[in-house]
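Open the structure in your viewer and keep the sequence at hand. The tour below says what to select at each stop and what is there.

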Amino acid sequence: MNESWFVEESITDEQIDKLKHEKVDILVTHDAPLNILREDYKNDIDSSINRQKIQMICDIVDPDILIHGHYHQFNKYVYKNIDCCALAHNHRPQESFVIL
């Protein structure tokens with residue numbers, strides 16, 4: 001990947017295993033799950049593995065809401081039973097969220 005990504009930031013299988021019996025209301029991730037089809041996905045193995053792991057986490061914790069960034073375009077959609085929101089970039093406050 002590029003210089004701003006480090007292998008230490010990868011989601012590990014051990015971290016995913018710790019979530020086996022968890023249920024969350026809101027999940028916040030940088031990237032979207034793999035099964036959310038986007039035309040602007042990077043088509044490289046590292047990105048695909050990361051999105052696959054996020055997908056696994058979504059399937060395990062079954063959030064009511066998923067908030068993710070990465071694509072800098074605002075979008076609201078439903079995936080399975082999850083209300084999803086892709087965040088825009090910082091220069092569009094009308095399409096931003098504040099979590100307190």
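Which residue takes a positive phi in the hairpin of β3 and β4? Select the hairpin, which has 2 residues between its strands, and look at Lys80: its phi is near 55 degrees. Bear in mind from the start that this is a predicted model.

**Stop 1: the whole chain**

Show the protein chain as a cartoon. There are 2 helices and 4 strands, and from the N terminus on they run α-β-α-β-β-β. The chain has 100 residues, of which 32% count as buried. Its accessible surface comes to about 7100 Å², and 53% of that belongs to carbon and sulfur atoms. Among contacts with a separation of 6 or more, 51% are between residues 24 or more positions apart.

Now colour by pLDDT. The mean for the chain is 80, and 75% of the residues reach 70 or more.

**Stop 2: the hairpin**

Select residues 75-79 for β3 and 82-86 for β4. The two strands run antiparallel and are joined by 5 bridges. Tyr79 stands opposite Ile82 in β4.

Next, select Lys80, in the loop between β3 and β4. Most residues other than glycine have a negative phi. Lys80 has a positive one, near 55 degrees. With a relative accessible area of 57%, Lys80 is exposed. Show its side chain together with that of Asp59: the two meet in a salt bridge (3.3 Å, N to O). Asp59 lies in helix α2 and Lys80 in the loop between β3 and β4, so the pair ties together parts that are 21 residues apart in sequence. Asp59 is partly exposed, at 42%.

**Stop 3**

Move to the loop between α2 (45-61) and β2, and select Asp62. Asp62 also has a positive phi, near 45 degrees. Its relative accessible area is 29%, so Asp62 counts as partly exposed.

Asp64 is partly exposed at 39%, and Lys23 is partly exposed at 47%.

**Stop 3: a buried pair**

Are Arg51 and Asp31 buried or exposed? Arg51 has 3% relative accessibility and counts as buried. Asp31 is buried too, with a relative accessible area of 3%. The two form a salt bridge, their closest N and O atoms being 3.7 Å apart. Arg51 lies in helix α2 and Asp31 in the loop between β1 and α2, so parts 20 residues apart in sequence are tied together. A search of the whole structure finds 5 salt bridges, including the one between Arg51 and Asp31.

**Stop 4**

Ile65 is in strand β2 (residues 65-68), and is partly exposed, with a relative accessible area of 34%.

Key. Residues numbered from 1 in each chain as written. Heavy atoms only, no water. Buried < 20%, exposed > 50% of the residue type's maximum accessible area, 1.4 Å probe, protein only. pLDDT = per-residue confidence, 0-100. Pairing = 2+ DSSP bridges. Contact = heavy atoms within 4.5 Å. Areas by Shrake-Rupley, 256 points an atom, 1.4 Å probe, with all protein chains shown as cover. Salt bridge = Lys/Arg side-chain N within 4 Å of Asp/Glu carboxyl O.
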